[in-house]
Each structure stands twice: as structure tokens, then as C-alpha cells.
Amino acid sequence: MYKIAIIPGDGIGKEVMEATLEVLDALNINLKYEYGEAGDECLKKNGVALSDETIAIVKNSDACLFGAAGETAADVIVKLRQIMDLFVNLRPVKSYPGVNSLFSGLDFIIVRENTEGIYVGQEEYTDDGAIAKRIITREASERICDFAFKYAKNNNKEKVTAVHKANVLKKTDGLFKKVFYEVANKYQNIKAEDYYVDATAMYLLTRPQSFDVIVTTNLFGDILSDEGAGLVGGLGLLPSGNIGENNALFEPVHGSAPDIAGKGLANPTAMLLSAVMMLNYLNEQNNAKLLNDAIFNVLKENKHLTSDMGGESSTMEMAKEVKNKILEKR
Ligand code: NAI
Ligand code: MG
């Protein structure tokens, strides 16, 4: 039995979560759900966007599934990552068959530092404007770079690319780049290279096939992963895992999408693939594969897709099709 914290959050977060729980129901696995409130609606109702109770539920769980928060995202998901010390944000960018996209055959991963950078949220007003602090430490840089190289080693990836802006941010990103090459020295069989973030934004469009593992700081990782989503068919497709020493939280890369919320239009794939990542994390490889294959087959069949992928199905209709595929195999 696994204790899973469930935080649906706001907007389409609730819809893709409901769809995902419907699908997980078809797997032969004992998941005990504990629901936590968080986000804009929670703030309105309870006066806080993230309560101590929800934090306790996440802390006591074996893993957490998170939908999306709205305008309170910084006080919810960014805070949860920091409180739980979920220092890695793993964001795989993969092409899926049957999905209309700019590129096919892509398979790279973004390893985003998740606890510091400009997302420490230390901003203050000055007489004339405002200042934000950008914090880069040797310790956090070392562990994220080490995670990226270990990931490359364990997953037969050839190369790790560090992305930074060390020409301008000489002290902060200067340190990140220096530590990256120190760590690279311990992994002689894996190639190491580095690029500036602006050039990388272009390379992702001109030659995305050349990337294997990208390791970068918090804000750059956030931006480049949405660009990655754009390469393979949109935000409805990109899952992520926030991983620490003792806990992990899985969530789609997208947000609460107020423009389509409440209409059953949300693509559940990103949330479903996040559940695949969670099952792998829990060492439930067979169930992870069963779910992954079912999602893969529904995408490939091209018959029960949501409108962002050119289909006509609702969030729940597509999810039910994934569920059927699992039940056929079981
Ligand atoms: P967003 O990711 O919610 O939406 C961006 C665009 O992608 C929208 O056009 C939306 O309709 C589309 N989209 C996103 N997910 C989709 C899905 N599953 N299926 C089909 N289309 C999808 O980002 P946006 O609009 O910048 O932010 C909306 C709200 O979400 C904001 O309040 C923001 O703070 C919050 N947010 C929360 C995050 C989190 O909780 N982790 C992450 C990003 C944004
Ligand atoms: Mg983002």
C-alpha cells in the first residue's frame, strides 16, 4: 500500500486530476489517497493558499500528485518544492506518435534546479522600483549537476548540457558553470558542454535532436521546458517530477489554464504521464509500463484525443479510453 497525497488545486488541475484517478483505478495497485487543498480557491476559502495541514499530508505521503495552482502558484508549488527540499525538477520532452508537432523523434530531458535561483522569492521595493535576489549556492549546484550526470549514466544518455548566462551573471552563473565542470570530471564517459540560455532557446528550435540531458537553474529551466512542450505538441503533454532525498511530487508542467478551465477541454496526458513517473519512482515498473503503453496507444490511434491535439474528445472521454486499454491488457 502506498500513501499518495492528492492536491488537485485550481482550474484544469482539478479536471486532469479527476481523469487521472479514474485511470489509476484500473491498475492492480493499492493506492491510499489523502486529499489536500491548495491554490487560489483554497486561499479564498481558508485564507491561506497552502495550509500546514496540506504540508503535513504531503510530508506523510510516499509520493504526491499535484494538479495545478493558479495565481498562487508561487505560494503553493514553489513553496512546496522548497519546504520538502525537492531539489530536482525532471521534465522529459518526448515526441509521441499520432500527435501533430513541430518535431518527431525527440527524447531529451530537462533537469531544472528547483530550490533557489531567482525563485527564492526575495523581492523588495526600492525608492524607484524593486529588486529581486538570485541565489546560487555551490551545494545546490553540485547536487543538481550530479543528479543530471547520474541520470545520464543510468539512462544511457551520452551528453549533459549546462545552460546558463555566465557572461552576464558572472558570479551566480559563473559559479554554476564552474561547479558543472567540476562534477563533469567525475563522469569521464559522459560528454559535458555548456551554452548560454539565449542561444539554447534558438538551438531548441533549430536542432533539438542534439540534446540529451539539459541541466540548468530554476527560471531558465521553467522557460525552456515550456519551449520543450511547444516542440512536441503543447503543454498538455509534458509531465514532471519534483524529486528530493525522501519524497517526490509529480505534476504536469502546465498551469491551471483559466482560458479552458471548466469546459472538459484539458488534455489529461501531461497529468497521466506524471502518474507514470510516480509509479516508476515507487518502483512499480510493471504498472508504470501498463499505464504508459495505454497512453501511448490512445495517442497513436488518434481517435480519442482532446481538441489541443486536433481531436474532439473531452478530458474524461480520453481518460476513459486510456482506462479501457489498461483493462484490455489486465
Ligand atoms: P498554463 O500552462 O495554465 O496555460 C498556457 C496555455 O496552454 C493556455 O493557452 C492553456 O489553455 C494551454 N494548456 C495548458 N495546459 C493544457 C492542457 N492540459 N490541455 C490543453 N491546453 C493546455 O499557463 P498560464 O496561462 O501562463 O498560467 C495560468 C495560471 O496557471 C496562472 O495563474 C499561473 O500562475 C498558473 N501556473 C501554475 C503552475 C503550477 O501550478 N505548477 C505552472 C504554470 C502556471
Ligand atoms: Mg512553468
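A: Buried here means under 20% relative accessible area. The model is predicted, and local features are read from it only at pLDDT of at least 70.

Take strand S12, residues 248–252. By that cut-off, 5 of its 5 residues are buried, so the strand is mostly covered. In a regular strand the side chains alternate between the two faces of the sheet. For S12, both faces are covered. Ala-248, Phe-250 and Pro-252 are buried on one side. Leu-249 and Glu-251 are buried on the other.

Now the partners. Strand S11, residues 239–243, pairs with S12 in the antiparallel sense. The pairing runs over 5 bridges. A hairpin of 4 residues links S11 to S12. Within this pairing, Asn-242 has Leu-249 of S12 as its bridge partner. Strand S3 also pairs with S12, but in parallel, and 2 bridges join them. Here Cys-64 stands opposite Leu-249.

Which cysteine sulfur is closest to that of Cys-64? It is the one in Cys-42, 14 Å away, and that is too far for a bond. A disulfide needs two cysteine sulfur atoms within 2.5 Å. The search of the whole structure finds 0 disulfides. Cys-42 is in none, and the cysteine sulfur nearest to it is that of Cys-64. Cys-42 is buried as well, at 4% relative accessibility.

Next, the ligand. S3 spans residues 63–68 and gives two or more residues to the shell around ligand 1, as does helix H4 (73–83). The shell holds 22 residues; Ala-69, Gly-70, Glu-71, Gly-255 and Ala-257 come nearest. By type, the shell divides into 12 nonpolar, 6 polar and 4 charged residues.

From S12 itself, the buried Glu-251 places an N or O atom of its side chain 3.2 Å from a nitrogen atom of ligand 1. At Gly-255, a backbone N or O atom lies 2.7 Å from an oxygen atom of the ligand. At Ala-69, a polar backbone atom is 2.8 Å from a ligand oxygen. Taken alone, ligand 1 exposes 800 Å², and the protein buries 70% of that.

Most residues other than glycine have a negative phi. Asn-156 is not a glycine, yet its phi is positive, about 50°. Asn-156 sits in the loop between helix H5 (138–154) and strand S8 (159–164). At 75% relative accessibility, Asn-156 is exposed. Asn-283 also has a positive phi, about 65°, without being a glycine. Its loop lies between helix H9 (269–281) and helix H10 (285–301). Asn-283 is exposed too, at 59% relative accessibility.

To return to S12: the strand is covered on both faces. S12 pairs with S11 in the antiparallel sense and runs parallel to S3. Through the side chain of Glu-251, S12 also comes within 3.2 Å of a nitrogen atom of ligand 1.

Terms used: Residues numbered from 1 in each chain as written. Chains lettered and ligands numbered in written order. Predicted model: local features only at pLDDT ≥ 70, side-chain atom pairs only at ≥ 80, totals over all residues. Heavy atoms only, no water. Buried < 20%, exposed > 50% of the residue type's maximum accessible area, 1.4 Å probe, protein only. Near = heavy atom within 4 Å. Polar contact = N/O pair within 3.5 Å; in protein donor to acceptor, adjacent residues only side chain to side chain. Areas by Shrake-Rupley, 256 points an atom, 1.4 Å probe, with all protein chains shown as cover. Nonpolar A, V, L, I, M, F, W, Y, C, P; charged D, E, K, R; others polar. Pairing = 2+ DSSP bridges.
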